[in-house]
Amino acid sequence: MTENVTRAGTDYQDAIRNNVWMHMSPHQSLFNGGEAPIIARGEGHHIFDDKGKKYIDGLAGLFTVQVGHGREEIAKAMYDQTLQLPFMPLWSYAHPQAIEVSERLASYAPGDLNRVFLTSGGGDSVESAMKLAKNYFKATGKPGKHKIISRATAYHGTPHGALSVTSLPDLREQFAPLVPGAIKVPNTNFYRSPEPYAHDEKAFGRWAADRIGEAIEFEGPDSVAAVFLEPVQNSGGCFPPPPGYFDRVREICDEYDVLLVSDETICAYGRIGHMFACNDFGYVPDIITSAKGITSGYAPLGAMVASDRLFEPFGPGGHETFYHGYTFGGHPVSCAAAMANFDVFEKEKLNDHVHENAAAFKFTLEKLKDLPIVGDVRGEGFFYGIELVKDRDTKESFTEEESERILKNFVSAKMFENGLYCRADDRGDPVIQLSPPLTVGQNEFDEIEQIIRGVLTEAWTKL
């Protein structure tokens, strides 16, 4: 347990009010007697607040801490690297750790995705992929191809370009005007699929994929550069791809010479099972973007992995230079953390663990469907969303006031109070999202289910 004062002697909560600008967070309540939770340490799949209270880390920090907290082997690798080479950029130079990580990522990626561009995080990886898509087509004689297609309610990051690809109005409107040419198509939320496809998941998947082809035709194939899709869409509550969806999307992208970008900022590194989730769903993209679990959050790092074809104008087949980079992209200490993280994955067979236990996680969470407030339980691997409804028969959702009162002001706080850190999200329909460290098993599944059951049973009485 820490002393709850800063080195200067200021109470932590006062210091937060005075100096800390938290991310994606309203601050008004802090000035009306409220307090911000303070997480002081982590151990395995648990986190502890500054008062010593223990919580299940049901979100792996932020879909990130795949191997759990407190891994000494990762800390030691970072310490050793700090002594050897604390920093070196990748601007015309390389260093051993970046070389090692790039080779290893290429070995995990499907097809000819062998070219690794290291970044500082997920938004930077998406930004890099957007730039590469535009640059590639300019370099190959198709300068008009600049538009980007993404799905409704999708989140792809906060840098200005990535935010344009993001489809959440509340996140976008404050920062308009954004980068032009961002086109939106329907997502794969089968629970709320249109009536002609409401009982046929494969037909719904074909319909959703064909909307991408329709958008390309409408915009003009000579103007569209790329389609950005998460294997399992995060925002809106863990939408998995229907059977055949990515096969059809791949066909459409090939037909119109449009790049398929698999945004795996959340889904990579065992979250769905394989190191890259496109392998779980059997498709080969042109680019993979990733971050988060690449180091299990022990240090900031991201990666854009591109095909040899896309590298050609910048390598043996051309004279182009990709004038893009980050000071801390491919940081030596972060790369050392990634290598040690992958060693843990392989030593403890965490990818196999997810594949072997995913069905049990799903089965345990689906028990919650006996509650009248639970409309749907969906996801893949160790990544699930639980959609909450006011009427299960009609799928009627909450009003904005009810969502604020029930989801944000009660469910989220009550689960944390009862020992579960996870996310209650209403960016789309109201959902609870779960993404625990990949080390958990049936005991943790049961504990998570019991905590959620108790909270949702009480929440129903407040409607």
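Predicted model: local features only at pLDDT ≥ 70, side-chain atom pairs only at ≥ 80, totals over all residues.
Let me start with S290, which is found in strand β9, residues 287–290, where helices (H or I, at least four residues) and strands (E, at least two) are DSSP runs numbered from the N terminus. Residues are numbered from 1 along each chain as its sequence is written, and side-chain values use heavy atoms, with hydrogens and water left out.

Is S290 buried or exposed? S290 is buried, with a relative accessible area of 0%, and by buried I mean under 20% relative accessible area, with exposed being over 50% and partly exposed in between, for a 1.4 Å probe and protein chains only. Leaving aside neighbours within four places in sequence, S290 is in contact with a set of residues including G121, G122, S125, E264, T265 and Y269, contact meaning heavy atoms within 4.5 Å. With Y269 there is also a polar contact between the two side chains, at 2.7 Å; a polar contact is a pair of N or O atoms within 3.5 Å, where within protein one must be able to donate a hydrogen and the other to accept it, and residues adjacent in sequence count only if both atoms are side-chain atoms.

Y269 itself lies in the loop between β8 (259–263) and α10 (277–281), and Y269 is also buried, at a relative accessible area of 0%. The phi of Y269 is near 60°, a positive value in a residue other than glycine. C238, in the loop between β7 (224–229) and α9 (245–256), likewise has a phi near 60°, and C238 counts as buried at 0% relative accessibility.

Turning to S164, this residue lies in helix α6, residues 160–165, and counts as buried at 2% relative accessibility. A polar atom of the S164 side chain lies 3.0 Å from the backbone oxygen of H160, and, not counting residues up to four places away in sequence, S164 touches R172, L178, V179, A182 and K184. In the loop between α7 (169–172) and β6 (182–185) we find P177, which is joined to A176 by a cis peptide bond with omega about 0°.

Now to the domains. The domain assignment gives domain 1 as 37–70 + 350–461 and domain 2 as 73–348, with bounds that come from an automatic or database domain assignment. The area buried between domain 1 and domain 2 is about 3000 Å², of which carbon and sulfur atoms give 53%, buried area being the accessible area (1.4 Å probe) that two parts lose on being put together, summed over both. Which residues supply more than any other three of the area that domain 1 buries against domain 2? They are N351, F383 and R427, which supply 22%.

Finally, N351 is among the buried residues of helix α13, as are H353, N357 and F361. Helix α13, residues 350–366, has a kink of about 45° centred on N357, the bend at a residue being the angle between axes fitted to the seven residues ending there and the seven starting there. What covers the buried residues of α13 includes α12 (332–348), β11 (374–380) and α15 (442–460).

Terms used
Expected span 1.5 Å × (residues − 1).
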